[in-house]
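Student: I have a model open and want a quick walk through it. Start anywhere you like.

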Amino acid sequence: MSIRQCALESEAFIRLRQVYGHREAEAAAWRAKGGKVAGELGCDVPDEFLIAAGMLPVHVYGDPDKPLKETDRYLEYAFDPVVRAQFEKLVDGTYRDQVDVLAVSNSTDVVVRIYLYLRELARVEPEKPVPPVEFIDWLFTRNRLHQVRNEHTLALFRETVEQWAGRKITDDEIRQAARVCNEDRQALREMAGLRRGPQVRISGSEALVIIGSAFFMERTAHTALVRQVVEDAKAWPELTGPRVFFTGSAQEQTDLYELIEDAGAVIVGEDHDWGDRYYDRDCNLDYTPVRAVVDRYMLRMFSSKKAFVSQRVKTLDELVDRTGAQAVIFYTNRYEEAASWEYPSQKKSLEARGIATAGFFQMAWPARENEGLGRKLAAFAGSLKGGAR
């Protein structure tokens, strides 16, 4: 379904949808007032440091309708199509005009490769309009030794952000920024309660707008709007239909969710970085600022790109139970193999507990390019019964 009329009658949701649909407007206004904007590539760039420095963090995203003239000169076709689209905007001058700096986290192997390409481009073709780039080399294994290493890594990133800002960042500023981010995450958790409670009031595509708008606007303003949407949505009509959980490729747009909803299903949760994973886990304000940020990013929901298969199986089982989903849709884009490696084990575990599954792999991007996809989704939704388990 498209965004429902009830949502379009909410002034707060309309504002979030404007930000989501016109993603450069807030950054342009921020820069016009003299502020700096930091682009983020990868899902583990700590917003807290950037916000503490008075910068506006924004996500790099791909434009499915933009010709890949520059990308075709440098990248193999075997790169994930979303990453290819992101790379195009990084090297053709789009982001030079929108951000002052770029922070890249090693959230996936392909993003690490993109960073290496950008670094080499800056070396051999310095005239290329690529923003200044900083790389954050996280270690993702959850042990004490890696936590200590990550604290050192983020201390170095803090120094880089201070150079960008032209001043020192105090511990109190980081704590305050962490508090701001925690409040926003809490507001999004309250929104999530209306996706998966006994009565579903917010659809998956509406939730993507509510969550994703945070990536492009000042965070306290986002928090206030989300809280107002939560109040408004309590009176929205209940959504009925089989409840499904979505896992796989991150969805930077609502197109695929709308196809799934048009098929009759209700998406009650997901584990990708443009959805529920974004607001999973707060910073512990009792810790020192750097440790609090490391703890938050290291210990949140497992990513399919940086986790063992056993960890992903356990995490997905827990998320399905938490959301009350009766089925899981696995969906990955072409050349994004890592997200499908754990699929056989996850499918086996889910179906042993009576959870239906449907797998869609090596899919074209954007989703509308896949002939017959809507029909296949409708057939799967039709095979399910009712609503909550």
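**Working through the model**

Tutor: Gln362 sits in strand β8. Strands here are DSSP runs of E, at least two residues; helices are runs of H or I, at least four residues; both are numbered from the N terminus.

Student: Before we go on, what sort of model is this, and how are residues numbered?

Tutor: It is a predicted model, where local features need pLDDT of at least 70, side-chain atom pairs count only at pLDDT 80 or more, and totals for chains, interfaces and linings use all residues. Numbering starts from 1 along each chain as its sequence is written, and side-chain values use heavy atoms, with hydrogens and water left out.

Student: Back to Gln362. What about its phi?

Tutor: Gln362 has a positive phi of about 55 degrees, although it is not a glycine.

Student: Is Gln362 buried, exposed or partly exposed, and why?

Tutor: Gln362 counts as partly exposed because its relative accessible area is 39%. Buried means under 20% relative accessible area, exposed means over 50%, and partly exposed is in between, with a 1.4 Å probe and protein chains only.

Student: Which other non-glycine has a positive phi of about 75 degrees?

Tutor: Arg281 does. Arg281 lies in the loop between β6 (266–270) and α13 (289–298). With a relative accessible area of 32%, Arg281 is partly exposed.

Student: Where is the cis peptide bond involving Pro366?

Tutor: It runs from Trp365 to Pro366, with omega near 5 degrees. Pro366 belongs to the loop between β8 (356–363) and α16 (373–382).

Student: Zoom out. How many helices and strands?

Tutor: The protein has 16 helices and eight strands.

Student: And why does the radius of gyration agree with a compact globule?

Tutor: For 389 residues a compact globule would have a radius of gyration near 21 Å, and the protein has 20 Å, so the two agree. That radius is taken over C-alpha atoms, and the globule rule is 2.2 Å times the number of residues to the power 0.38. Along the principal axes, the C-alpha atoms fill a box of roughly 60 × 45 × 45 Å.

Student: How much counts as buried?

Tutor: 58% of the 389 residues.

Student: What about contacts between residues at least 6 apart in sequence?

Tutor: Of those, 75% join residues at least 24 apart. Contact means heavy atoms within 4.5 Å.

Student: New topic: the core. Which residues have the most contacts inside the largest one?

Tutor: Met191, Ile210, Ile260, Ile329 and Tyr331, in a nonpolar core of 77 residues. Helix α7 (residues 109–124) gives the most to this core, with six residues. A nonpolar core is a set of buried Ala, Val, Leu, Ile, Met, Phe, Trp, Tyr and Cys residues joined through side-chain atoms within 4.5 Å.

Student: What does Tyr331 touch?

Tutor: Leaving out residues up to four places away in sequence, its contacts include Phe246, Leu256, Phe360, Met363 and Leu373.

Student: What is in the second, separate core?

Tutor: That core has 26 residues, including Ala52, Trp138, Leu154 and Tyr297.

Student: Ala52, then. Where is Ile174, which contacts Ala52?

Tutor: Ile174 is in helix α9. Ile174 counts as buried because its relative accessibility is 1%. Beyond its neighbours within four places in sequence, Ile174 contacts Phe49, Ala52, Arg158, Ile169 and Pro289.

Student: And Thr170?

Tutor: Thr170 is in the loop between α8 (144–165) and α9 (171–196). Thr170 is partly exposed, at 40% relative accessible area. Thr170 and Gly374 are 204 residues apart in sequence and 52 Å apart in space, C-alpha to C-alpha.

Student: Where does Leu285 lie, and what does it touch?

Tutor: Leu285 is in the loop between β6 and α13. Not counting residues up to four places away in sequence, Leu285 touches Arg175, Ala178, Arg179 and Asn182. Leu285 is partly exposed, at a relative accessible area of 32%.

Student: Last one: Leu41. Buried or exposed?

Tutor: Leu41 counts as buried, because its relative accessibility is 3%. Leu41 is in strand β1 (residues 37–41). Leu102 is 61 residues from Leu41 along the chain, yet their C-alpha atoms are separated by 7.4 Å.
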